[in-house]
Amino acid sequence: MLIPIAPLTKYLTTTLIAPHGITDLVHAKETNHTMDLLATYSLANGGVLGLHSMHYENTINIILFMASVMHFQRDIPLRNKTLFTSMMLLYFIFLDNNSLFLYLSAIHVPHHYKLCWPFLKKNKPFSFFIIGATTALSMYFGNMYYEYYKDPLVFTILKGIICSHICYEEMYIYSEKEKM
């Protein structure tokens, strides 16, 4: 599965979708989980790169798929979230990659910011600065070097970052909210 090169997809990926994960850093700073963030990102990325070095790409894809199903269920207001989310992701992967980018842009990322607003608003200047800076850097480098996303190692690193983001959110952001 390669990322399509359509201009809108490229722009959405680098300007809207990719930077939304930086909210993990804002959360970690606000809740004194910075070392947990570092450990989670290091272990998840290290695990994915380790699997890549052993040529276990299918295992990486299965882990990413399962993590994404779990993560995207928060966006779905239905009873049987697991089945629906699984079918939706399978559709995106095998039938229409572009719909994934539209889903992420129109549903997941806005919902993500809505769920994160309680801790983002605690230090608005820092939140807006770090999100803005990350967006600017992602937009600049992502648009300048977008063709590198097709490189297997770069694509694997991106999968590791996505898995890291999901792990941190599920372990530290949503688990804390569910305890309240």
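So, the axes of α2 and α3 come within 7 Å of each other, and they cross at roughly 140°. Axes here are lines fitted to C-alpha atoms, for helices over the stretch in contact, and the angles run from 0 to 180 degrees between N-to-C directions. The helices are DSSP runs of H or I, at least four residues, numbered from the N terminus. On the α2 side the contact uses Asp24, Leu25, Ala28 and Lys29, and on the α3 side Thr34, Leu37 and Tyr41; contact means heavy atoms within 4.5 Å. By class, that's four nonpolar, one polar and two charged residues. For those classes, Ala, Val, Leu, Ile, Met, Phe, Trp, Tyr, Cys and Pro count as nonpolar, Asp, Glu, Lys and Arg as charged, and the others, Gly among them, as polar.

Quick word on where this comes from. It's a predicted model, with local features needing pLDDT of at least 70 and side-chain atom pairs counting only at pLDDT 80 or more, while totals for chains, interfaces and linings use all residues. Residues are numbered from 1 along each chain as its sequence is written, and side-chain values use heavy atoms, with hydrogens and water left out.

Back to α2, and its packing with α7. Helix α2 covers residues 23-31 and α7 covers 124-144; they pack at about 150°, with axes 9 Å apart. That's why we call α2 and α7 roughly antiparallel (the label needs an angle over 145 degrees; under 35 is roughly parallel, 65 to 115 roughly perpendicular and the rest oblique). Thr23, Leu25, Val26 and Lys29 of α2 meet Phe126, Ser127, Ile130 and Ile131 of α7. The class count there is five nonpolar, two polar and one charged.

And how does α2 run against α6? Their axes come within 10 Å and cross at roughly 25°, so α2 is roughly parallel to α6. From α2 we have Thr23, Val26, His27 and Glu30, touching His112, Tyr113, Cys116, Phe119 and Leu120 of α6.

Next, the largest pocket, which holds about 1,300 Å³ of space. A pocket, on a 1 Å grid over the protein atoms alone, is an open set of points where a 1.4 Å probe fits, with protein on both sides within 12 Å along at least five of seven lines; lining residues have an atom within 4 Å of a point. The volume is the space filled by probe spheres set on the points, which are joined across faces, edges and corners. Of its 42 lining residues, Ile17, Leu158, Lys159, Ile161 and Ile162 are the closest to the centre. Helix α8 gives the largest share of the lining, nine residues. By class the lining has 28 nonpolar, twelve polar and two charged residues.

Last stop: histidine 52, in helix α3. Histidine 52 is 105 residues from isoleucine 157 in sequence, yet their C-alphas are 9.4 Å apart in space.

Conventions
Helix = DSSP H or I, 4+ residues; strand = E, 2+ residues; numbered from the N terminus.
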